[in-house]
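Here are my notes on the model, point by point. Please read them with the structure open.

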Amino acid sequence: MIQQITKGIKISVAIEYNGTSLRNTKLYYIFAYEITIENKSNNTVKLTDRFWKIYDSLNPTEIVSGEGVVGQTPILKPNDVYTYTSGCFLQSNMGAMKGFYTMINLENYEQFKVFIPTFQLTTPVLSN
């Protein structure tokens, strides 16, 4: 599991390879990732936006951004934990993701970024 703490917000990432899929005559490698967000600060925070860079060794870097995560903008009080699962499709069996969440401190309305550590997306054959 990969972890990083920014301003008291701990991000943990677990990755799972879910096989391949054929779509429009192209083979894709499917990866799922579970993100756990833990508020270890003394303030209540709200996740407002996400920003991802997805690296696929056969394609240009893809940028994904938008409001919230999986359709939600969670509010985390001190010691709260929020977990969600999402995924991505790569055309190669090797890639990576990194990014950040934009959060707002609901005590003083300060907006800040929480960094998501870079994590590798590789098929089991490449991992051995």
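1. M1 sits in the segment ahead of β1 (2-6). The coordinates come from a predicted model. M1 has a relative accessibility of 69%, so this residue counts as exposed; the cut-off for that class is over 50%. Leaving out residues up to four places away in sequence, M1 touches S12, V13 and A14. R50 is 49 residues from M1 along the chain, and their C-alpha atoms are separated by 20 Å.

2. **Overall build.** How many helices and strands does the protein chain have? The count is 1 helix and 9 strands. Taken along the principal axes, the C-alpha atoms fill a box of roughly 50 × 30 × 20 Å.

3. The protein chain has 128 residues, and 41% of them are buried. Take the contacts between residues at least 6 apart in sequence: 63% of these join residues at least 24 apart.

4. **The largest pocket.** This pocket holds about 190 Å³ of space. Its lining has 14 residues. Which of them lie nearest the centre? They are Y33, W52, V64, S86 and G87. By class, the lining splits into 10 nonpolar, 2 polar and 2 charged residues.

5. **Where the lining comes from.** Three strands each supply at least two lining residues: β4 (45-56), β5 (59-67) and β7 (81-90). The largest share is from β7, with 5 residues.

6. **Aromatic pairs.** The structure holds 9 of them. One is W52 with Y101: the ring centres are 6.5 Å apart and the planes stand at 85 degrees, so the pair is edge-to-face. The class needs an angle over 60 degrees. This pair links distant parts of the chain, with W52 in strand β4 and Y101 in strand β8 (residues 94-105), 49 residues apart.

7. Are W52 and Y101 buried or exposed? W52 counts as buried because its relative accessibility is 3%. Y101 is buried as well, at 0%. The cut-off is under 20%.

8. W52 is in strand β4 and F119 in strand β9 (residues 111-122), so the pair ties together parts that are 67 residues apart in sequence. F119 is buried, with a relative accessible area of 0%.

9. **The ring cluster.** Ring pairs join Y33, W52, Y101 and F119 into a cluster. Two of these names return from the pocket: Y33 and W52 are among the lining residues nearest its centre.

10. **Charges over rings.** Two cases deserve a look. R23 lies over the face of F89, at 4.5 Å from the ring centre. The charged end of K113 sits over the ring of F100, 4.5 Å from the centre of that ring.

11. **N39.** This residue is in strand β3 (residues 26-39). N39 has a relative accessible area of 1%, so it counts as buried. What does N39 touch, not counting residues up to four places away in sequence? The list is G8, I9, T44, V45, L76, K77, P78, N79 and D80. N59 is 20 residues from N39 in sequence, yet the C-alpha atoms are 35 Å apart in space.

12. **L106.** Here the position is the loop between β8 and β9. L106 counts as partly exposed because its relative accessibility is 27%. Setting aside neighbours within four places in sequence, L106 is in contact with T44, V45, K46 and I75. T44 and V45 are also on the contact list of N39. I5 lies 101 residues from L106 along the chain, and their C-alpha atoms are separated by 19 Å.

Technical notes: Residues numbered from 1 in each chain as written. Predicted model: local features only at pLDDT ≥ 70, side-chain atom pairs only at ≥ 80, totals over all residues. Heavy atoms only, no water. 1 Å grid on protein atoms, 1.4 Å probe; cavity = no way out; pocket = protein on both sides within 12 Å on 5 of 7 lines; lining within 4 Å. Points joined across faces, edges and corners; volume = space filled by probe spheres on them. Helix = DSSP H or I, 4+ residues; strand = E, 2+ residues; numbered from the N terminus. Nonpolar A, V, L, I, M, F, W, Y, C, P; charged D, E, K, R; others polar. Phe/Tyr/Trp six-rings, centres within 6.5 Å; stacked < 30°, edge-to-face > 60°. Buried < 20%, exposed > 50% of the residue type's maximum accessible area, 1.4 Å probe, protein only. Lys NZ or Arg CZ within 6 Å of the ring centre and 35° of its normal. Contact = heavy atoms within 4.5 Å.
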